[in-house]
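The entries follow the order in which I looked things up.

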Amino acid sequence: MDTCKIDLLSSGLGGKTFEYDLDDDFFAEIDGLIQRGDIHATVVCLSAGSVFKFRIHSIGTVIVPCDRCLSDLELRIETTDALNVKLGKEYADDGDCVIVPEAEGYLDLAHFIYEFIVLSMPIACCHEPGKCDDTMMHELSRHQATRSGESDDEQTDSEIGDVRDEQEGEVSDDPVDSRWAALKQLKNKL
């Protein structure tokens with residue numbers, strides 16, 4: 001992780017470019033959502049002085065668990081982000097600007113690069129249809145609770161329709177499920 005540190009007190013930082021190759025060891029050390037990966041990050045210091053402006057471009061692939069079947073899913077990543085940094089008395093991150101203690105003078109980019117990579121990933125990380133692990137998909141289908149006719153506790157579509165009719169002011173002659181009748185009594189008491 002020390003390889004991602006930049007000395008903010010060094011001279012000639014403006015316009016300087018830093019290159020980082022992030023591999024499986026990097027992601028294992030971060031210990032987050034991403035299990036493995038191969039990312040090349042290019043960090044350019046656009047300006048130095050009272051506020052340091054960094055542009056971080058990351059490109060490569062990461063391995064994450066599929067949200068559906070939990071097997072490995074390879075995602076292609078390409079992101080360009082900006083980071084503003086200034087020196088101060090103590091560390092702070094207010095969203096727009098990161099303040100690094102002047103006594104330290106070092107900025108560790110590892111977690112910032114990792115966060116930018118994670119933020120570039122889709123909300124749902126799933127294999128394309130038909131590409132998930134067959135064994136896990138079989139188990140999921142066995143335990144799926146939305147299939148009708150598997151349990152006496154499940155309500156049929158006609159019973160649900162009867163309750164909807166009553167809620168809309170229409171009175172139905174069909175019997176109502178006793179669970180819905182009990183809930184309706186509670187509603188009327190309020």
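**Entry 1: the sheet**

I began with Asp93, whose bridge partner in S7 is Val98. S6 and S7 run antiparallel and are joined by two bridges. I count two strands as paired if DSSP finds at least two bridges between them. Strands (E, at least two residues) and helices (H or I, at least four) are DSSP runs, numbered from the N terminus.

This is a predicted model, in which local features need pLDDT of at least 70 and side-chain atom pairs count only at pLDDT 80 or more, while totals for chains, interfaces and linings use all residues. Residues are numbered from 1 along each chain as its sequence is written, and side-chain values use heavy atoms, with hydrogens and water left out.

I then traced the whole sheet. It is open, has six strands in the order S2-S3-S4-S5-S7-S6, and its pairing is mixed. S2 and S6 (92–93) are the edge strands, each with a single partner, so one side of each has no neighbour in the sheet.

**Entry 2**

I looked up how S2 is held to S3: six bridges join the two, and they run antiparallel. One of the pairs is Thr17 with Val44 of S3.

**Entry 2: Thr42**

I moved to Thr42, which lies in S3. Thr42 counts as buried, at 18% relative accessibility. Beyond its neighbours within four places in sequence, Thr42 is in contact (heavy atoms within 4.5 Å) with Thr17, Phe18, Glu19, Arg55, Ile56 and His57.

The Thr42 side chain makes polar contacts with the side chains of Glu19, at 3.2 Å, and His40, at 3.5 Å. A polar contact is a pair of N or O atoms within 3.5 Å; within protein, one must be able to donate a hydrogen and the other to accept it, and residues adjacent in sequence count only if both atoms are side-chain atoms.

H2 lies across S2, S3, S4, S5, S6 and S7, at about 135° to S5. Axes are lines fitted to C-alpha atoms, for helices over the stretch in contact, and angles run from 0 to 180 degrees between N-to-C directions.

Ser58 is in S4 and is buried, with a relative accessible area of 1%. Among the residues Ser58 touches are Ile39, Ile77, Ile113 and Ile117.

**Entry 3: two loop residues**

Most residues other than glycine have a negative phi. I noted Asp31, with a positive phi near 55°, in the loop between H1 and S3. Leu70 has a positive phi near 70° and sits in the loop between S4 and S5. Asp31 is exposed at 66% relative accessibility, and Leu70 is exposed at 58%.

Methods. Buried means under 20% relative accessible area, exposed over 50%, partly exposed in between (1.4 Å probe, protein chains only).
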